[in-house]
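Try each task before you read its solution.

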Amino acid sequence: MNVQYQLQGMIALECHQSFNQIIDKTDASKLVETISRDLTAILSMTKENVSLACSVACYPVEQILQPKWPIHSTLNQYASAAMQGEQQQHKVLSIGADHGQMPEGLQPHHSSQPLMLIPFILYTNSETIAQAFEQDLMNKGMISPPTYQALSEITGLTVQHANYLSNIDLLAMMHNHYQQLGQDACWQIIEHAVLQSQSKTMSQSKQHNYFYLHDHLVFSPMFSMHHFVTFFDGTADQYIDWIIQQRTAMAAFQVHGLELHLFQPTHWPLNEDKICLGAFEQNRLTGSFWIDNSSDLENKREANLTYVKSQQAGILAVRVEHSDTNSRQYYYPLRPEGIKAIEAHIKQQFPVIAGEQVHILETHCNWPP
């Protein structure tokens, strides 16, 4: 479609109940007609100078907010195919489900989060409409009573709040959300990746979390307790804070479509002028857990097993040590399923477990002895 502006936006729905995220073709068409009338009123536009395409399903924020905006990009492909030629411009395209399935690339991920999004694209050559879209859509964009009623009837939802947003409005809203969670460093990486304003950037948190973005890849060091106390003169309080921040960021990167490459640092700090992604890859951690080999143990010998836990963060590590020496190793889970993998590995390496205990690593306590 040969137009100057492709204005990407969405309806943001705030609701606190589970519902069917899929809307069939017939209901989708009815809803998009009311959406079209809303946008015409909000942006003071006419049908002659704009076309509208809408993917009528409810998507979680993280599925929309990804590098290259994949849902909007797919919607644009369908719209471009459907609206080819001058005679097909100034049209309204609604894409709904057929037998419970959206077209390829538009199937929403199941989610129970309270904020859901219905994406759309406006096509226009009008600079005035484009400016109003970016400047006024969020401020003036409450859905109308007819659209609210249509949404309620189609989904059976009690919607607490519904508003039209541009993609940039969504970024600003999520920026505030991550800031309130204390995840500024994490958000900086997500925002750069989504906007593609820089193919490379780096951010760090006050808790010593470090994130290096290269295109859609995020590299991040995993510090053991030994690393942390050595590199940062750290305390138990600080290590717990670090691992909570790290795990939260890891989950956020993955749901926002970024590929996470974790690595074990051999020294710190890094030389910021000579950062080499190849070196990160050489020490990359794969699988569901990793081992801090700061001390070697003899396999097949009797060993003691200790789960190092925090009330806030859960299991931080599993420690194995020989009963008659001070030798020990720490096993660190990278994902929840890593705990079972660690246990299976330990049973294979150390068939005789002399004792098993839980060490609660809490704030204001010493490191595990």
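**Exercise 1.** Work out in which sense E2 and strand E4 (residues 92-95) pair, and over how many bridges.

*Solution.* E2 and E4 run parallel, with 4 bridges between them; strands here are DSSP runs of E, at least two residues, numbered from the N terminus, and pairing takes at least two DSSP bridges. Within that pair, Ala53 sits opposite Leu93 in E4. Next, look at E5 (residues 115-124): E2 is joined to it by 4 bridges too, but antiparallel. There, Cys54 has Phe120 as its bridge partner.

Before going on: this is a predicted model, where local features need pLDDT of at least 70 and side-chain atom pairs count only at pLDDT 80 or more, while totals for chains, interfaces and linings use all residues. Residues are numbered from 1 along each chain as its sequence is written, and side-chain values use heavy atoms, leaving out hydrogens and water.

**Exercise 2.** Find how many residues of E2 (residues 51-55) are buried.

*Solution.* Count those under 20% relative accessible area (1.4 Å probe, protein chains only): 5 of 5 are buried.

**Exercise 3.** Check how many disulfides the structure holds.

*Solution.* Look for cysteine sulfur pairs within 2.5 Å; you'll get 0 disulfides. For Cys15, the nearest cysteine sulfur belongs to Cys58, 7.2 Å away. Cys15 counts as buried because its relative accessibility is 2%, and Cys58 does so at 0%.

Methods. Buried means under 20% relative accessible area, exposed over 50%, partly exposed in between (1.4 Å probe, protein chains only).
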